[in-house]
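Welcome, and thanks for stopping by. Shall we look at this model together, one question at a time?

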Amino acid sequence: MAFLTDASLVGRLTMSHEGRWPSDSEDKLPAKIGECVWWLAVLADRMGLDFSDCVTKFLEDTEQALK
């Protein structure tokens, strides 16, 4: 749940950056993006997955799908 909250905050701060959501906390966007990446690495580890392998697989699959 904490990851989802942080991901939602990234969405709101992104909308604020684009002028589509009122916020005075836009300066927190880089930290929240970093926190979401951290959460994903933690979740992968807890599930016995290698985070780097997950990212590599996603990029390889996406590259193949775009060809």
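Predicted model: local features only at pLDDT ≥ 70, side-chain atom pairs only at ≥ 80, totals over all residues.

Visitor: How many salt bridges does the structure hold?
Guide: Side chains of opposite charge can pair when their charged atoms come close. The rule used here asks for a side-chain nitrogen of Lys or Arg within 4 Å of a carboxyl oxygen of Asp or Glu. By that rule, the number of salt bridges in the structure is three.

Visitor: Which residue forms a salt bridge with Lys 32 at 3.0 Å between the closest N and O atoms?
Guide: Helices here are DSSP runs (H or I, at least four residues), numbered from the N terminus, and Lys 32 sits in helix 2, which covers residues 29-46. With the closest N and O atoms 3.0 Å apart, the salt-bridge partner of Lys 32 is Asp 6.

Visitor: How many residues apart in sequence are the parts that Lys 32 and Asp 6 tie together?
Guide: The salt bridge joins Lys 32 to Asp 6. Because Lys 32 lies in helix 2 and Asp 6 in helix 1 (residues 2-17), the pair ties together parts whose separation in sequence is 26 residues.

Visitor: Is Asp 6 buried or exposed?
Guide: The cut-offs are under 20% relative accessible area for buried, over 50% for exposed, and partly exposed in between (1.4 Å probe, protein chains only). Lys 32 has a relative accessible area of 18%, so this residue is buried. Asp 6 has 7% relative accessibility and therefore counts as buried.

Visitor: Which residues are linked with Asp 6 in a network of salt bridges?
Guide: The side chains of Glu 35 and Lys 32 meet in a salt bridge of 2.8 Å, N to O. Glu 35 and Lys 32 are three residues apart in helix 2, so about one helical turn separates them. Glu 35 counts as partly exposed at 28% relative accessibility. The residues linked with Asp 6 in the network are Lys 32 and Glu 35.

Visitor: What is the N to O distance in the salt bridge of Asp 61 and Lys 57?
Guide: Both residues lie in helix 3, four residues apart, or about one turn of the helix. Asp 61 is partly exposed, with a relative accessible area of 40%, and Lys 57 counts as partly exposed at 47%. Their side chains meet with an N to O distance of 2.9 Å.

Visitor: What is the arrangement of the rings of Trp 38 and Trp 39?
Guide: Rings of Phe, Tyr and Trp (its six-membered ring) pair if their centres lie within 6.5 Å, with planes under 30 degrees apart counted as stacked, over 60 as edge-to-face and the rest as tilted. The count by this rule is one aromatic pair. The rings of Trp 38 and Trp 39 have centres 4.9 Å apart and planes at 65°, so the pair is edge-to-face.

Visitor: Is Phe 58 buried or exposed?
Guide: Phe 58 is placed in helix 3, which spans residues 51-66. Its relative accessible area is 53%, so Phe 58 is exposed.

Visitor: How far apart are the C-alpha atoms of Ala 65 and Arg 12?
Guide: Ala 65 lies in helix 3 and counts as exposed at 64% relative accessibility. Ala 65 and Arg 12 are 53 residues apart along the chain, and their C-alpha atoms are separated by 30 Å.

Definitions and conventions:
Residues numbered from 1 in each chain as written. Heavy atoms only, no water. Helix = DSSP H or I, 4+ residues; strand = E, 2+ residues; numbered from the N terminus.
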